[in-house]
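Hi everyone, thanks for coming. Let me put the sequence and the structure up on the screen before we talk.

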Amino acid sequence: MFIETGRLVVRTFREEDVLALYQIAYDPDVLEYCPDLLKRDVTEAEVLEFIQDFIRVDDENDIDTWRAYAIENRETGEVMGCVTFGKNSMLNEYEIGWMMLKRYTKKGYASEAAQAYAEYFCAAYGVEYLIVVMDVDNPASYKAAEKCGFKLFEKRTVYDYHYNRYGDDYFYFRRYSANCTRRERFYGDAPYSGRGADV
């Protein structure tokens, strides 16, 4: 997979990107919001295995399995972060995410890469929308989601039936493709005719 934008290349990770992806996984901001990006306490050897899996998933045109793509600076060739993608196993919807090395945040790179990949994927596979889920205390990703065309759908609370307790709240965003045929996409799009509608 290879997408070019004005400033970036979004592409499949290569085996020579091991150190770059390792640095992303251990970046302080990434650890705060996504400590298990690849897995906790991942080693460089395991990062190579992840990259080999990402390459295999791409080669097999498997659109469901989770993977990460490199966000590369077009001018310097440096890998600055990654776009993550796959079918969310809990929600059964296609989910996109992004992680940037701290020194490249607040420059619009994450939203530029995510928007490019979202447009590419929806057009290539006829998918009507993608989702983003994030912690409610992640304002930088909230802004990035809005900047690349995602709209907050709702704030959700997880209930863990196994432990009989509530989990952390999270924001759930959607971004509809240009070819989406749904007329009613968000709350309020459909006319309400229920109780109290005539008041």
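I'll go through the overall fold, then the inside, then the surface.

Please keep in mind that this is a predicted model. The protein chain has 5 helices and 8 strands. If you trace it from the N terminus, the order is β-β-α-α-α-β-β-β-α-β-α-β-β. The radius of gyration is 18 Å, close to the 16 Å that the globule rule gives for 199 residues, so the chain is as compact as a globular protein of that length. Along its principal axes, the C-alpha trace spans about 65 × 40 × 35 Å.

Now for the contacts along the chain. Taking those between residues at least 6 apart in sequence, 56% join residues at least 24 apart.

Let's go inside. Of the 199 residues, 44% count as buried. Which residues have the most contacts inside the largest nonpolar core? They are Phe-13, Ile-24, Leu-37, Leu-38, Ile-96, Trp-98 and Leu-130, in a core of 53 residues. Helix α4, residues 109-125, gives the largest share of this core, with 9 residues. There is also a second, separate core of 8 residues, and Tyr-170, Tyr-172, Cys-180 and Phe-186 are among them.

Let me zoom in on Leu-37. Beyond its neighbours within four places in sequence, Leu-37 is in contact with Ile-24, Ala-25, Val-30, Trp-66, Cys-82, Thr-84 and Met-99.

The chain exposes about 11,500 Å², and carbon and sulfur atoms supply 47% of that. As for charge, there are 25 positive and 36 negative charges, and their mean positions are 6 Å apart.

Conventions: Residues are numbered from 1 along each chain as its sequence is written. This is a predicted model: local features need pLDDT of at least 70, side-chain atom pairs count only at pLDDT 80 or more; totals for chains, interfaces and linings use all residues. Side-chain values use heavy atoms; hydrogens and water are left out. A nonpolar core is a set of buried Ala, Val, Leu, Ile, Met, Phe, Trp, Tyr and Cys residues joined through side-chain atoms within 4.5 Å. Buried means under 20% relative accessible area, exposed over 50%, partly exposed in between (1.4 Å probe, protein chains only). Helices (H or I, at least four residues) and strands (E, at least two) are DSSP runs, numbered from the N terminus. Contact means heavy atoms within 4.5 Å. The radius of gyration is taken over C-alpha atoms; the globule rule is 2.2 Å times the number of residues to the power 0.38. Accessible areas come from the Shrake-Rupley method with a 1.4 Å probe; for residues, only the protein chains shown count as cover. Lys and Arg count as positive and Asp and Glu as negative; His and the chain ends are not counted. The place of a charge is taken as NZ of Lys, CZ of Arg, CG of Asp or CD of Glu.
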